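I opened the notebook to follow one stretch of the chain and what lies around it. These entries record what I looked up, in the order I looked.

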Amino acid sequence: MTDIHIVGGGPAGLSAALFAQKNGLETTVFDTDGTWMHKAHLFNYLGVGSQDGSAFMETARSQVDSFGVVRKQGTEVTDVQQTDAGFEVTTEDDTYQAAYLVLATGANRDLAASLGCDMTDEDTVDVDVTMETSVNDAYATGGMVRAEEWQAVISAGDGAAAALNILTKEKGEHFHDFDTPADADEMFGPEA
């Protein structure tokens with residue numbers, strides 16, 4: 001059984017995947033590549049001067065791939081269910097089990113609704129500051145939780161918050177993911 005299944009491979013989903021996998025949680029991303037990023041050009045994403053949204057997505061995918069995230073590209077999730085052991089994700093071809101679920105499907109809130117997540121008066125998924133929904137160990141991020149403020153950088157932060165909360169639960173203490181130049185040397189070599 002995988003630790004985390006992430007439905008959606010935009011900035012929120014890939015950010016959650018990066019934080020989780022980098023810190024030892026086996027992570028799978030299901031992605032139909034329907035992200036709004038293909039219509040974007042980034043001028044307002046901190047650290048990115050100017051980049052086409054599709055090029056940004058290729059960079060983000062390469063980054064999560066380098067940490068060993070399993071990406072099921074072109075795979076649509078048709079249903080999610082809570083089980084005694086966590087969650088079952090259903091696609092056209094198979095079912096997959098995971099202890100945690102992160103929903104990152106943009107403004108499409110159908111899977112969250114079918115899972116039984118509480119919704120707000122604005123018809124967004126109701127989450128706490130860690131992005132956890134009313135369904136224990138299920139998280140919602142990005143456009144799912146906001147009527148407005150659909151920005152790539154905000155969505156990426158939502159994904160990171162979800163992953164860090166999962167890591168906190170798994171490690172049994174508040175988890176931080178702070179890296180130093182020595183960490184980069186150890187991971188990538190002194191030429192990094």
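I began with strand β2, residues 27-31, in this predicted model. Five of its five residues are buried, so I noted β2 as largely enclosed by the rest of the structure. I then checked which way the side chains go, and found that T27, V29 and D31 point one way from β2 while T28 and F30 point the other way, with all of them buried.

Next I looked up the partners of β2. Strand β1, residues 2-7, pairs with β2 in the parallel sense over four bridges, and I4 has T27 of β2 as its bridge partner.

I turned then to α1, which has twelve residues and reaches 16 Å from its first C-alpha to its last, close to the 16 Å expected at 1.5 Å a residue. Ten of the twelve residues are buried, so α1 too is largely enclosed by the rest of the structure. Among the buried ones I listed P11, L14, L18 and Q21. The buried residues of α1 pack against β1, β2 and β5, and also against α2 (53-66), β8 (95-103) and α4 (152-171).

My last entry concerns G24, which comes just after α1 and takes a positive phi of about 95°.

Technical notes. Residues numbered from 1 in each chain as written. Predicted model: local features only at pLDDT ≥ 70, side-chain atom pairs only at ≥ 80, totals over all residues. Heavy atoms only, no water. Buried < 20%, exposed > 50% of the residue type's maximum accessible area, 1.4 Å probe, protein only. Helix = DSSP H or I, 4+ residues; strand = E, 2+ residues; numbered from the N terminus. Pairing = 2+ DSSP bridges. Expected span 1.5 Å × (residues − 1). Contact = heavy atoms within 4.5 Å.
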